[in-house]
Structures are given as structure tokens and as C-alpha cells.
Amino acid sequence: MFVDTVEITVKGGRGGDGCISFLREKYIPKGGPDGGDGGAGGSVILEAQDGVNSLAPFTMKHHWQGKNGVPGQGSQRHGAKAEDTVLLVPTGTLVYDEAGGFLMKDLAHPGDRVNVAQGGAGGKGNMRFKTSRNRAPRQCTPGGEGESRKLRLELKVIADVGLVGKPNAGKSTLLSRLTRARPEIANYPFTTKYPHLGRVVVDMDRSFLMADIPGLIEGAADGAGLGHAFLRHIERAGILVHLIEPLPMDGTDPLENYQAIRSELTRYDEKLARRPEILAVSKADLPESEEVAAQLRTLTGKEVLVLSAVTGANLNKLVESISRMLNEHAQESCD
């Protein structure tokens with residue numbers, strides 16, 4: 001099950017209590033206070049890790065508690081600090097403080113961490129309260145309560161390339177041909193219910209991540225169809241590959257479909273409209289594909305590929321075009 005938004009409550013562990021104790025040994029009748037401090041409670045930490053692809057585990061458990069610190073003991077023995085509780089989340093997870101409404105951390109890279117609930121401080125033992133006037137203190141302090149916070153976790157898929165287009169344009173088939181990803185493929189709209197990631201290997205030294213985004217329809221920016229819940233997954237993509245179906249099953253016009261999707265991307269985020277884009281007409285085996293490609297070239301002034309994920313026609317050209325555009329995009333970012 002793919003989950004990209006979830007709310008959880010986290011609480012740091014309680015600190016261990018300080019100890020009241022007095023040294024009692026055979027030849028030291030008045031050894032004085034020797035109660036140790038309690039150990040600090042464990043914090044709750046979120047860590048991004050590759051290989052974790054969904055927030056689904058957090059739908060089964062909404063409350064996460066850090067471990068409590070160990071109380072202090074006599075003979076000046078301090079309690080042990082509790083180990084932190086580390087929760088693994090997908091790379092690309094945004095961590096929001098629900099009460100404050102602010103972004104705590106964007107876990108955009110593998111290994112990124114954020115402490116979301118600090119563990120409580122350990123209490124002080126009575127040895128801490130010994131003074132020249134109070135040589136036998138009978139007081140200590142309890143361990144502090146851990147920090148508590150309600151979080152909203154949102155996943156934005158991190159990919160170099162985002163596949164966009166109308167439902168049934170052939171995005172899932174293309175991803176399955178270029179990568180080892182196995183999205184559901186069927187001859188009806190909205191087959192893809194959530195984004196799929198796959199790595200495309202260009203050669204021994206080059207590869208890139210490609211994401212298949214569920215089909216978009218007019219009104220997606222307002223939540224129509226699968227809506228903006230999935231539009232956010234292409235925000236991080238370096239470039240977009242826009243697939244256009246030459247003979248849509250619903251009888252709509254391919255050029256109007258292209259313009260409708262471009263409009264939805266612009267309405268959702270104007271930056272997406274400026275994202276580098278590769279146009280490709282799918283299902284090259286259909287006679288209408290070349291005609292639609294020519295019309296798109298006239299409309300956009302851009303190069304338009306005609307390819308087939310079934311026969312493999314021009315897939316190598318697409319991969320090379322993507323690789324070249326990614327290199328150009330990386331150089332522009334460096335400049």
C-alpha cells in the first residue's frame with residue numbers, strides 16, 4: 001500500500017529520576033549523600049533512507065514514544081541515557097509541525113535526520129544538593145518529561161524525470177520497458193493509482209530515476225481525478241517527459257489534451273511550466289502518431305519524438321535525449 005501523507009504524534013522518553021542515597025560502609029559511618037543522577041530520555045528521530053518507498057507503516061501506528069532514561073542509584077551511580085528511537089521514512093519526506101504549521105525539515109537526501117521530540121532531562125540525585133550547611137540532603141529531582149509534538153509527514157517523490165500525460169497515454173508501459181519497475185498496466189484509464197519509481201541505465205557511468213505519475217485530467221490542480229495529491233510528486237523532477245496519445249480512447253483531441261495538461265501544471269505551480277520538457281507521441285504503431293507529432297511541432301516549436309513502448313521504437317532516442325537534457329540542466333544549476 002502506497003501512502004504519501006500521514007499524521008503522527010511523537011513524544012520523547014521521560015528522564016530517569018534522581019536517587020536519594022547515603023553511603024553506608026563499615027568504617028565510614030557518615031559517608032554522606034551518594035545518590036546518582038537519572039539518565040536522559042531517548043529522543044524520537046526521523047531519518048530518510050533509500051529503499052523505504054511509502055509512509056504506510058505509520059498508518060498502523062500513530063503514536064511513537066521514546067524510551068525512558070534509567071533512574072540513578074546509590075554509590076554515585078548515574079542512570080544510563082536511553083537510546084534514541086529512529087523512525088525510517090522515504091527520502092523526500094517533508095516533516096511539518098502540525099500545531100505550529102511550519103516545516104521542520106525537508107529530508108531530501110538519504111541519511112538526512114531531524115530530532116522531532118527531544119527526550120526529557122535526567123533528574124538530579126541528592127549528592128548534587130550537598131553544601132557546607134546541608135551535609136545530608138534528602139532531596140532529589142524527578143526526570144523531565146519528553147517533548148511532545150504532532151507531525152504531518154508528506155512524501156514528494158524524488159526523481160530526475162517525471163512522466164506526465166493523460167490517463168492511458170502509455171506511461172506505465174514505458175516505465176516498465178525502460179526500468180525494472182512493474183506498475184499495473186491495463187487498457188483503461190487511471191490504472192496507475194500512485195507514483196512508481198524506476199532507474200534507467202544509460203551506460204556503465206550514467207543512469208537516472210524516472211517516476212510514473214498517475215494520469216492527469218483537466219481540473220487536476222483543483223483536485224479533479226487523482227488531483228493535486230499526486231501533482232506534488234513531479235515538483236522535484238529535474239525534467240518532464242510529456243506523453244501524448246495519438247488516438248485517445250475517449251475521442252478527445254491530442255493537441256487539446258496536451259494544452260490542458262500544460263495548463264494544469266501551470267495552475268498548480270508556475271515553476272513546472274518552466275521545467276525542461278521532452279515531448280513524445282506514444283503508440284508509434286498507430287498511423288495517426290506521425291500526424292499528431294507534426295502538429296505538435298508546429299504548435300510548440302519543439303522536437304517531438306514518436307515512440308512505442310511495445311515495439312521499442314525510438315526508446316534509445318528518448319533515453320539519450322533525457323540524458324543530454326539532464327546534463328544541460330545540471331550545468332545550468334552549477335552556473
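**Entry 1: Terms and model**

Two strands pair if DSSP finds at least two bridges between them, and I keep that rule in mind for every sheet below. I take helices (H or I, at least four residues) and strands (E, at least two) as DSSP runs, numbered from the N terminus. I am working from a predicted model, in which local features need pLDDT of at least 70 and side-chain atom pairs count only at pLDDT 80 or more, while totals for chains, interfaces and linings use all residues. Residues are numbered from 1 along each chain as its sequence is written, and side-chain values use heavy atoms, with hydrogens and water left out.

**Entry 2: The chain as a whole**

I counted 7 helices and 14 strands in the chain. Of the 335 residues, 48% are buried (under 20% relative accessible area, where exposed means over 50% and partly exposed lies in between, with a 1.4 Å probe and protein chains only). I then looked at contacts (heavy atoms within 4.5 Å): among those in the chain with a separation of 6 or more, 72% are between residues 24 or more positions apart.

In what order do the strands of the open sheet of 6 strands stand? I read the order as 10-11-9-12-13-14, with mixed pairing. Strand 10 (196-201) and strand 14 are at the edges with a single partner strand each, so one side of each has no neighbour in the sheet.

Strand 9 (residues 161-165) runs parallel to strand 11 (residues 207-212), and 3 bridges join the two; Gly-162 has Ala-211 as its bridge partner in strand 11. Strand 9 also pairs with strand 12 in the parallel sense, over 5 bridges, with Val-241 as the bridge partner of Leu-163. Strand 12 in turn is joined to strand 13 by 5 bridges, again running parallel, and there His-242 is partnered by Leu-279.

Strand 12 is largely enclosed by the rest of the structure, because 6 of its 6 residues are buried. I noted that Ile-239, Val-241 and Leu-243 point one way from this strand, whereas Leu-240, His-242 and Ile-244 point the other way. Helix 4 lies across strand 12 and strand 13, and runs at about 150° to strand 12.

Is Gly-165 buried or exposed? Gly-165, which belongs to strand 9, is buried with a relative accessible area of 0%. I also compared Gly-165 with Tyr-258: the two are 93 residues apart in sequence, yet 7.5 Å apart in space, C-alpha to C-alpha.

**Entry 3**

An α-helix has 3.6 residues a turn, so residues three or four places apart point the same way.

**Entry 4: The cores**

For a nonpolar core I use buried Ala, Val, Leu, Ile, Met, Phe, Trp, Tyr and Cys residues joined through side-chain atoms within 4.5 Å. The largest one has 22 residues, and those touching the most other members include Val-161, Phe-208, Met-210 and Ile-322. Helix 7 (315-334) is one of the elements that give two or more residues to this core, and the largest share, 5 residues, comes from helix 7. A second, separate core of 21 residues includes Val-3, Ala-48, Val-95 and Ala-117.

Lastly I looked up the open sheet of 5 strands, which has the order 3-1-8-5-6 and mixed pairing. Strand 3 (63-65) and strand 6 (102-107) are its edge strands, each pairing on one side only. Strand 5 (residues 93-97) runs antiparallel to strand 6, joined by 5 bridges, and Val-95 has Lys-105 as its bridge partner in strand 6.

Key
Axes are lines fitted to C-alpha atoms, for helices over the stretch in contact, and angles run from 0 to 180 degrees between N-to-C directions.
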